[in-house]
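Here is a friendly note to go with your first look at this model. Please have the view open as you read through the points.

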Amino acid sequence: MSAPKLLILATGGTIAGMAGSATRHEYLPGQIGIAEFLGQAETLALNAQMTGKQIANIGSEDMGPVIWAKLHRECMAAMTDPDCDGVIITHGTDTAEETAFLLDLTLPTSKPVVIVGAMRPADAVGYDGLRNFANAVRVACDPAAAGRGVLLVMSDRVHAARDVRKARTRGTEAFQGFPRDSVGLVTPSALEWFGAPWRSDEAARYALTETLPDVPILFIHAGMTPDYVARLLAPKTAGMVVCGVGEGNMPNPVRAELVKLAASGIPIVRASRLDEGLVDREPEDDANGFIAARALTPPKARVLLQMLVASGVTDPASIQSAFDGR
Ligand code: SIN
């Protein structure tokens, strides 16, 4: 049997970064092109036929709708290309979870789509990029990786897009999942799934547009005054995510401002600034017109709200159902 055919979409990040020294802390992300990266990967003799495409070469703090649209177009084409068995996206770790979740919401689940990064640049001692990439290849070559949505592979773990977040600024064990920590364990030669695919043959949930609705995140802190809400509002603001304290809480005067916004038709989603920040509905949400983010982090709650508003879903009950789903 011939080796699986993979499309590798490169966007930059530390996995393509260079420090100019094996031990220096400072480095530049997005320095190595996809041809050079695949040349290095070739030395691993992985059992896959790989075609590379450079989509961008940036630090992922600059990731956004224009590159998301390019990635989405490439992935959609790969879904129907008989000569492609799976897609890997190399990505900076800082916003990998947002790209993963956005694609998770906007792609069908028929073929594996795997995002991978690194915490150490390519010329650093202990570079983790090639190990993570070999693991990503192992996952993307497995037909059982389809039907699980977009996956993120780091430090020998496979995470589902909806669950995963970067939890540490340093060290190779930088990612965690919540509420599911990970959905599988992987090495370059072994892959163990914790359960069967849960989204087999699912169509894309939302269409992706290049311009996304304006949805700011309001970060709540002690001593916050209600004027912060107005400071975030722009004429085009179409929704707001509250990065609340505890279980999505906020000072009463801030809440009063947000209740007025919700009444004017701007959906307000309550999320938490905590790492494991499950936010359930509370009785006052009905009267306030608020939505509970459940287990989604504020950046992911923002992505989901953008998709909903862009598809014309703005009533709180329908938005809540989308946040309740998996
Ligand atoms: C980035 O996100 O591009 C820089 C950080 C990293 O990739 O680890």
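Leaving aside its neighbours within four places in sequence, which residues is F323 in contact with?

1. F323 is in contact with R162, V269, I291, A292, A293, R294, L296, A301, L304, L305 and L308, its neighbours within four places in sequence being left aside. Contact here means heavy atoms within 4.5 Å. F323 sits in helix α9 (residues 316-324) and counts as buried because its relative accessibility is 1%. Buried means under 20% relative accessible area, exposed over 50%, and partly exposed in between (1.4 Å probe, protein chains only). Helices (H or I, at least four residues) and strands (E, at least two) are DSSP runs, numbered from the N terminus.

2. A word on the source: this is a predicted model, in which local features need pLDDT of at least 70 and side-chain atom pairs count only at pLDDT 80 or more, while totals for chains, interfaces and linings use all residues. Residues are numbered from 1 along each chain as its sequence is written, and side-chain values use heavy atoms, with hydrogens and water left out.

3. Do have a look at helix α3 (residues 96-106), where 11 of the 11 residues are buried. Among them are F101, L102 and L103, and also the charged residues E97, E98 and D104. D104 is also part of a network of salt bridges with R199, E202 and R205.

4. The structure holds 16 salt bridges (a side-chain nitrogen of Lys or Arg within 4 Å of a carboxyl oxygen of Asp or Glu). One of them joins R270 and D285, at 2.8 Å from N to O. This pair links distant parts of the chain, with R270 in strand β13 (residues 268-272) and D285 in helix α7 (residues 284-288), 15 residues apart. R270 is buried, with a relative accessible area of 1%, and D285 counts as buried at 1% as well.

5. A salt bridge also forms between D286 and R281, again at 2.8 Å from N to O. Is D286 buried or exposed? D286 is exposed, because its relative accessible area is 59%, whereas R281 counts as partly exposed at 35%.

6. For D156 and R131, the closest N and O atoms of the salt bridge are 3.0 Å apart.
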